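User: I've got a structure open and I'm new to this. Can you walk me through it?

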Amino acid sequence: MVKAKSGKLTPVHIFGYGCGDAGGVVGLYMVSGFMTRFLQVNLEVNPAILATILLIWNVWDAVNDPLMGTIMDMCFAKAKPGADKFRPWILASIPILVIGLISFFVVPPMMGGGFAMIASAFILKIVFEGGYTMMNIGMGSLLGNMAKNDSERAVLASARGFGSTACQLIGGAAIPLFLGKFGTDNAGYAKTAVILACMMAVTVFIHWAWTEERNKGAVVTAEEKKEEKNDEKKVEEAKEVKETPKQNKPQGEKPQTERKFDKPQGERKPQGDRPQGERKPYGDRPQGERKPYGDRPQGERKPQGDRPQGERKPY
(Lines give C-alpha, C1' and ligand atoms only; values in the text may rest on other atoms or scores of the structure.)
Protein backbone atom coordinates (compact mmCIF):
# COMPACT_ATOMS: atom_id res chain seq x y z
CA MET A 1 0.00 0.00 0.00
CA VAL A 2 1.34 3.40 -1.00
CA LYS A 3 0.90 6.07 1.67
CA ALA A 4 0.90 9.75 0.85
CA LYS A 5 3.61 11.52 2.87
CA SER A 6 2.07 14.95 2.38
CA GLY A 7 -1.48 13.75 2.97
CA LYS A 8 -2.53 14.70 -0.56
CA LEU A 9 -3.71 12.52 -3.41
CA THR A 10 -0.68 11.47 -5.47
CA PRO A 11 -0.38 10.39 -9.13
CA VAL A 12 0.38 6.87 -7.88
CA HIS A 13 -2.99 6.82 -6.13
CA ILE A 14 -4.73 8.01 -9.28
CA PHE A 15 -3.03 5.46 -11.54
CA GLY A 16 -3.59 2.66 -9.04
CA TYR A 17 -7.27 3.40 -8.70
CA GLY A 18 -7.68 3.49 -12.48
CA CYS A 19 -6.19 -0.01 -12.76
CA GLY A 20 -9.07 -1.49 -10.75
CA ASP A 21 -11.81 -1.25 -13.35
CA ALA A 22 -9.25 -1.87 -16.10
CA GLY A 23 -8.34 -5.29 -14.68
CA GLY A 24 -11.94 -6.32 -14.15
CA VAL A 25 -13.01 -5.31 -17.66
CA VAL A 26 -10.35 -7.49 -19.29
CA GLY A 27 -11.78 -10.74 -17.95
CA LEU A 28 -15.39 -9.60 -18.12
CA TYR A 29 -15.01 -8.71 -21.81
CA MET A 30 -13.74 -12.21 -22.54
CA VAL A 31 -16.64 -13.89 -20.74
CA SER A 32 -19.49 -11.65 -21.88
CA GLY A 33 -18.28 -11.25 -25.46
CA PHE A 34 -17.23 -14.79 -26.36
CA MET A 35 -19.09 -17.02 -23.87
CA THR A 36 -22.21 -17.55 -26.02
CA ARG A 37 -20.21 -18.47 -29.13
CA PHE A 38 -18.00 -20.82 -27.12
CA LEU A 39 -21.00 -22.65 -25.60
CA GLN A 40 -22.96 -22.96 -28.84
CA VAL A 41 -20.20 -23.66 -31.34
CA ASN A 42 -17.56 -25.51 -29.32
CA LEU A 43 -19.70 -27.22 -26.66
CA GLU A 44 -22.86 -27.48 -28.81
CA VAL A 45 -25.25 -26.54 -26.00
CA ASN A 46 -28.95 -26.56 -26.92
CA PRO A 47 -30.19 -22.96 -27.51
CA ALA A 48 -33.21 -23.50 -25.23
CA ILE A 49 -30.97 -24.73 -22.40
CA LEU A 50 -28.55 -21.88 -23.03
CA ALA A 51 -31.39 -19.32 -22.87
CA THR A 52 -32.51 -20.78 -19.52
CA ILE A 53 -28.97 -20.66 -18.15
CA LEU A 54 -28.55 -17.05 -19.25
CA LEU A 55 -31.80 -16.10 -17.52
CA ILE A 56 -30.66 -17.70 -14.26
CA TRP A 57 -27.29 -15.97 -14.52
CA ASN A 58 -28.97 -12.57 -14.95
CA VAL A 59 -31.21 -13.14 -11.93
CA TRP A 60 -28.22 -14.19 -9.85
CA ASP A 61 -26.32 -11.10 -10.98
CA ALA A 62 -29.14 -8.92 -9.61
CA VAL A 63 -29.00 -10.70 -6.23
CA ASN A 64 -25.22 -10.99 -6.11
CA ASP A 65 -24.40 -7.28 -5.73
CA PRO A 66 -26.46 -6.42 -2.62
CA LEU A 67 -25.55 -9.77 -1.06
CA MET A 68 -21.84 -9.08 -1.42
CA GLY A 69 -22.25 -5.59 0.06
CA THR A 70 -24.05 -7.06 3.08
CA ILE A 71 -21.31 -9.63 3.61
CA MET A 72 -18.66 -6.88 3.53
CA ASP A 73 -20.50 -4.87 6.19
CA MET A 74 -20.95 -7.91 8.43
CA CYS A 75 -17.27 -8.87 8.21
CA PHE A 76 -16.10 -5.30 8.84
CA ALA A 77 -18.29 -5.11 11.95
CA LYS A 78 -16.13 -7.88 13.46
CA ALA A 79 -12.79 -6.46 12.24
CA LYS A 80 -10.17 -4.84 14.43
CA PRO A 81 -10.27 -1.04 14.86
CA GLY A 82 -8.30 0.79 12.19
CA ALA A 83 -8.51 -2.03 9.63
CA ASP A 84 -9.32 -1.33 5.99
CA LYS A 85 -12.84 -2.11 4.89
CA PHE A 86 -12.66 -2.66 1.11
CA ARG A 87 -9.04 -3.26 0.09
CA PRO A 88 -8.82 -6.76 1.65
CA TRP A 89 -11.72 -7.86 -0.54
CA ILE A 90 -9.99 -6.57 -3.66
CA LEU A 91 -6.91 -8.65 -2.86
CA ALA A 92 -9.01 -11.73 -2.09
CA SER A 93 -10.85 -11.43 -5.41
CA ILE A 94 -7.70 -11.95 -7.53
CA PRO A 95 -7.42 -15.78 -7.18
CA ILE A 96 -11.18 -16.18 -7.64
CA LEU A 97 -11.10 -14.17 -10.87
CA VAL A 98 -8.12 -16.07 -12.25
CA ILE A 99 -9.43 -19.54 -11.36
CA GLY A 100 -12.96 -18.73 -12.53
CA LEU A 101 -11.89 -17.35 -15.93
CA ILE A 102 -9.44 -20.14 -16.81
CA SER A 103 -11.66 -22.95 -15.49
CA PHE A 104 -14.69 -21.74 -17.44
CA PHE A 105 -12.90 -22.29 -20.77
CA VAL A 106 -10.93 -25.39 -19.70
CA VAL A 107 -13.11 -27.62 -17.48
CA PRO A 108 -16.44 -27.95 -19.43
CA PRO A 109 -14.82 -29.37 -22.61
CA MET A 110 -13.13 -32.00 -20.42
CA MET A 111 -16.52 -33.27 -19.16
CA GLY A 112 -17.38 -34.89 -22.49
CA GLY A 113 -20.80 -33.29 -22.93
CA GLY A 114 -24.12 -33.93 -21.24
CA PHE A 115 -25.34 -32.68 -17.89
CA ALA A 116 -21.85 -32.61 -16.31
CA MET A 117 -20.60 -30.22 -18.98
CA ILE A 118 -23.56 -27.84 -18.61
CA ALA A 119 -23.43 -27.96 -14.79
CA SER A 120 -19.70 -27.23 -14.70
CA ALA A 121 -20.09 -24.27 -17.06
CA PHE A 122 -22.99 -22.95 -14.98
CA ILE A 123 -21.10 -23.20 -11.66
CA LEU A 124 -17.81 -21.79 -12.97
CA LYS A 125 -19.59 -18.78 -14.45
CA ILE A 126 -21.12 -18.06 -11.04
CA VAL A 127 -17.65 -18.39 -9.45
CA PHE A 128 -16.21 -15.83 -11.88
CA GLU A 129 -19.17 -13.48 -11.35
CA GLY A 130 -18.67 -13.74 -7.58
CA GLY A 131 -15.01 -12.74 -7.86
CA TYR A 132 -15.80 -9.88 -10.21
CA THR A 133 -18.56 -8.60 -7.90
CA MET A 134 -16.20 -8.77 -4.92
CA MET A 135 -13.59 -6.72 -6.76
CA ASN A 136 -16.01 -4.28 -8.39
CA ILE A 137 -17.96 -3.41 -5.22
CA GLY A 138 -14.75 -3.04 -3.24
CA MET A 139 -13.23 -0.83 -5.94
CA GLY A 140 -16.35 1.33 -6.30
CA SER A 141 -16.82 1.77 -2.55
CA LEU A 142 -13.12 2.56 -2.11
CA LEU A 143 -13.70 5.91 -3.79
CA GLY A 144 -15.50 7.32 -0.74
CA ASN A 145 -12.80 6.12 1.68
CA MET A 146 -9.93 7.24 -0.54
CA ALA A 147 -10.99 10.78 -1.47
CA LYS A 148 -11.23 13.53 1.14
CA ASN A 149 -13.06 16.17 -0.90
CA ASP A 150 -15.08 16.63 -4.06
CA SER A 151 -12.11 17.47 -6.29
CA GLU A 152 -10.32 14.26 -5.33
CA ARG A 153 -13.49 12.26 -5.99
CA ALA A 154 -13.75 13.78 -9.45
CA VAL A 155 -10.12 12.94 -10.25
CA LEU A 156 -10.46 9.32 -9.10
CA ALA A 157 -13.76 8.85 -10.93
CA SER A 158 -12.13 10.15 -14.14
CA ALA A 159 -9.23 7.73 -13.67
CA ARG A 160 -11.64 4.84 -13.26
CA GLY A 161 -13.52 5.77 -16.42
CA PHE A 162 -10.30 6.16 -18.39
CA GLY A 163 -9.00 2.77 -17.25
CA SER A 164 -12.27 1.04 -18.08
CA THR A 165 -12.46 2.56 -21.57
CA ALA A 166 -8.79 1.85 -22.35
CA CYS A 167 -9.03 -1.83 -21.40
CA GLN A 168 -12.24 -2.28 -23.34
CA LEU A 169 -10.41 -1.10 -26.43
CA ILE A 170 -7.38 -3.28 -25.63
CA GLY A 171 -9.52 -6.33 -24.93
CA GLY A 172 -11.64 -5.79 -28.02
CA ALA A 173 -8.49 -5.73 -30.16
CA ALA A 174 -6.34 -8.31 -28.32
CA ILE A 175 -8.85 -11.15 -27.86
CA PRO A 176 -9.59 -11.64 -31.59
CA LEU A 177 -5.84 -11.50 -32.29
CA PHE A 178 -5.14 -14.18 -29.70
CA LEU A 179 -7.96 -16.40 -30.99
CA GLY A 180 -6.74 -15.88 -34.56
CA LYS A 181 -3.24 -16.97 -33.54
CA PHE A 182 -4.16 -19.87 -31.24
CA GLY A 183 -7.32 -20.95 -33.06
CA THR A 184 -10.99 -20.97 -32.11
CA ASP A 185 -11.03 -24.54 -30.84
CA ASN A 186 -11.10 -25.44 -27.13
CA ALA A 187 -7.32 -25.19 -26.81
CA GLY A 188 -7.30 -21.73 -28.41
CA TYR A 189 -9.92 -20.44 -25.96
CA ALA A 190 -8.02 -21.96 -23.06
CA LYS A 191 -4.72 -20.26 -24.03
CA THR A 192 -6.45 -16.92 -24.57
CA ALA A 193 -8.14 -17.23 -21.16
CA VAL A 194 -4.79 -17.88 -19.45
CA ILE A 195 -3.20 -14.77 -20.99
CA LEU A 196 -6.16 -12.54 -20.08
CA ALA A 197 -6.26 -13.98 -16.55
CA CYS A 198 -2.62 -13.04 -16.02
CA MET A 199 -3.24 -9.51 -17.33
CA MET A 200 -6.26 -9.20 -15.06
CA ALA A 201 -4.36 -10.42 -11.98
CA VAL A 202 -1.51 -7.94 -12.51
CA THR A 203 -3.75 -4.90 -13.00
CA VAL A 204 -6.01 -5.71 -10.04
CA PHE A 205 -2.96 -6.29 -7.83
CA ILE A 206 -1.59 -2.86 -8.82
CA HIS A 207 -4.97 -1.40 -7.96
CA TRP A 208 -4.78 -2.96 -4.48
CA ALA A 209 -1.12 -2.04 -3.87
CA TRP A 210 -1.28 1.57 -5.04
CA THR A 211 -4.44 2.64 -3.27
CA GLU A 212 -5.07 3.72 0.30
CA GLU A 213 -8.13 4.20 2.48
CA ARG A 214 -7.11 7.71 3.49
CA ASN A 215 -10.48 9.04 4.63
CA LYS A 216 -10.89 7.13 7.89
CA GLY A 217 -13.72 9.44 8.89
CA ALA A 218 -15.91 7.88 6.20
CA VAL A 219 -15.55 4.42 7.75
CA VAL A 220 -17.94 3.62 10.58
CA THR A 221 -16.35 1.30 13.12
CA ALA A 222 -18.12 -1.65 14.68
CA GLU A 223 -18.30 0.07 18.08
CA GLU A 224 -19.90 3.16 16.54
CA LYS A 225 -22.47 0.97 14.78
CA LYS A 226 -23.34 -0.73 18.08
CA GLU A 227 -23.70 2.65 19.79
CA GLU A 228 -25.96 3.89 16.98
CA LYS A 229 -28.13 0.79 17.26
CA ASN A 230 -28.39 1.19 21.05
CA ASP A 231 -29.33 4.86 20.66
CA GLU A 232 -31.99 3.96 18.10
CA LYS A 233 -33.43 1.32 20.44
CA LYS A 234 -33.58 3.83 23.30
CA VAL A 235 -35.36 6.38 21.10
CA GLU A 236 -37.89 3.78 19.94
CA GLU A 237 -38.55 2.64 23.52
CA ALA A 238 -39.08 6.25 24.62
CA LYS A 239 -41.56 6.79 21.75
CA GLU A 240 -43.45 3.63 22.67
CA VAL A 241 -43.71 4.74 26.31
CA LYS A 242 -45.11 8.14 25.24
CA GLU A 243 -47.54 6.70 22.72
CA THR A 244 -49.02 3.93 24.90
CA PRO A 245 -51.80 5.34 27.18
CA LYS A 246 -51.77 4.50 30.84
CA GLN A 247 -54.21 1.71 31.58
CA ASN A 248 -56.22 2.17 34.75
CA LYS A 249 -56.73 -1.01 36.65
CA PRO A 250 -60.33 -2.01 37.31
CA GLN A 251 -61.56 -1.14 40.75
CA GLY A 252 -62.36 -4.74 41.54
CA GLU A 253 -58.72 -5.75 41.10
CA LYS A 254 -57.46 -3.39 43.80
CA PRO A 255 -56.78 -5.20 47.06
CA GLN A 256 -59.15 -4.03 49.73
CA THR A 257 -58.52 -4.44 53.44
CA GLU A 258 -61.27 -5.21 55.86
CA ARG A 259 -62.32 -2.29 58.00
CA LYS A 260 -62.08 -2.97 61.70
CA PHE A 261 -63.78 -0.85 64.29
CA ASP A 262 -61.67 -0.03 67.28
CA LYS A 263 -64.64 0.73 69.52
CA PRO A 264 -67.14 -1.98 70.22
CA GLN A 265 -70.61 -0.94 69.37
CA GLY A 266 -73.65 -2.20 71.16
CA GLU A 267 -76.84 -3.20 69.57
CA ARG A 268 -79.04 -0.33 68.56
CA LYS A 269 -82.63 -0.66 69.64
CA PRO A 270 -85.35 0.09 67.17
CA GLN A 271 -86.73 3.58 67.36
CA GLY A 272 -90.17 2.43 68.32
CA ASP A 273 -88.89 0.65 71.45
CA ARG A 274 -87.29 3.72 72.99
CA PRO A 275 -89.17 5.19 76.06
CA GLN A 276 -90.48 8.60 75.24
CA GLY A 277 -92.42 11.05 77.35
CA GLU A 278 -95.90 11.95 76.45
CA ARG A 279 -96.06 14.97 74.27
CA LYS A 280 -99.06 17.19 74.77
CA PRO A 281 -100.87 18.45 71.76
CA TYR A 282 -99.91 21.88 70.55
CA GLY A 283 -103.28 23.33 71.32
CA ASP A 284 -103.25 22.23 74.99
CA ARG A 285 -100.15 24.24 75.92
CA PRO A 286 -100.81 27.30 78.21
CA GLN A 287 -100.15 30.49 76.39
CA GLY A 288 -100.36 34.07 77.59
CA GLU A 289 -103.07 36.27 76.23
CA ARG A 290 -101.94 38.47 73.48
CA LYS A 291 -103.54 41.85 73.14
CA PRO A 292 -104.64 43.03 69.75
CA TYR A 293 -102.24 45.25 67.94
CA GLY A 294 -104.50 48.20 68.02
CA ASP A 295 -104.89 48.12 71.88
CA ARG A 296 -101.18 48.60 72.62
CA PRO A 297 -100.26 52.10 74.09
CA GLN A 298 -98.30 54.10 71.66
CA GLY A 299 -96.79 57.55 71.98
CA GLU A 300 -98.25 60.39 70.02
CA ARG A 301 -96.41 61.08 66.83
CA LYS A 302 -96.14 64.66 65.74
CA PRO A 303 -96.88 65.50 62.18
CA GLN A 304 -93.85 65.86 60.01
CA GLY A 305 -94.50 69.49 59.31
CA ASP A 306 -94.39 70.39 63.04
CA ARG A 307 -90.87 69.04 63.60
CA PRO A 308 -88.09 71.68 63.97
CA GLN A 309 -85.75 71.53 61.10
CA GLY A 310 -82.57 73.49 60.50
CA GLU A 311 -82.30 75.77 57.58
CA ARG A 312 -81.00 73.97 54.57
CA LYS A 313 -78.54 75.85 52.47
CA PRO A 314 -79.00 75.77 48.74
CA TYR A 315 -76.99 73.13 46.97
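User: How many helices and strands are there in the protein chain?
Analyst: Seven helices and zero strands. Keep in mind that this is a predicted model. Along the sequence the pattern reads α-α-α-α-α-α-α.

User: What is the mean pLDDT of the chain?
Analyst: The mean pLDDT is 81. Of the residues, 70% reach 70 or more.

User: And where is confidence lowest, and where highest?
Analyst: Lowest in helix H7, residues 222-243, with a mean of 70. Highest in helix H6, residues 186-209, at 96.

User: OK, helix H3. What does it span?
Analyst: H3 covers residues 87-110, which is 24 residues. From first C-alpha to last, H3 reaches 36 Å. That is close to the expected 34 Å.

User: Where does H3 bend?
Analyst: At Ser103, by about 45°. Ser103 is also one of the buried residues of H3.

User: Which other H3 residues are buried?
Analyst: Among them are Trp89, Ile90, Ile94, Leu97, Leu101, Phe104 and Phe105. Gly100 and Pro108 are buried too.

User: What covers them?
Analyst: The cover includes helix H1 (11-42), helix H2 (47-77), helix H4 (114-146) and H6.

User: What comes just after H3?
Analyst: Gly112, which takes a positive phi of about 75°.

User: Switching topic. What volume does the largest pocket have?
Analyst: About 240 Å³. The pocket is lined by 15 residues. Nearest its centre lie Leu28, Asn58, Asp61, Lys125 and Glu129.

User: Which helix gives the most to that lining?
Analyst: H4, with six residues. H1, H2 and H4 each supply at least two.

User: And how many cavities of 30 Å³ or more are there?
Analyst: One. The largest cavity has a volume of about 40 Å³.

User: Which residues line the largest cavity?
Analyst: Leu39, Leu43, Val45, Ile53, Trp57, Met117, Ile118 and Ala121. H2 and H4 are the elements that give two or more residues to this lining. H4 gives the most, with three.

User: Back to the whole chain. What share of it is buried?
Analyst: Buried residues make up 30% of the 315 residues.

User: Last one. What share of the contacts join residues at least 24 apart?
Analyst: 80%, counted among contacts between residues at least 6 apart in sequence.

How values were computed: Residues numbered from 1 in each chain as written. Predicted model: local features only at pLDDT ≥ 70, side-chain atom pairs only at ≥ 80, totals over all residues. Heavy atoms only, no water. pLDDT = per-residue confidence, 0-100. Helix = DSSP H or I, 4+ residues; strand = E, 2+ residues; numbered from the N terminus. Expected span 1.5 Å × (residues − 1). Bend = angle between axes of the 7 residues up to and from the residue. Buried < 20%, exposed > 50% of the residue type's maximum accessible area, 1.4 Å probe, protein only. Contact = heavy atoms within 4.5 Å. 1 Å grid on protein atoms, 1.4 Å probe; cavity = no way out; pocket = protein on both sides within 12 Å on 5 of 7 lines; lining within 4 Å. Points joined across faces, edges and corners; volume = space filled by probe spheres on them.
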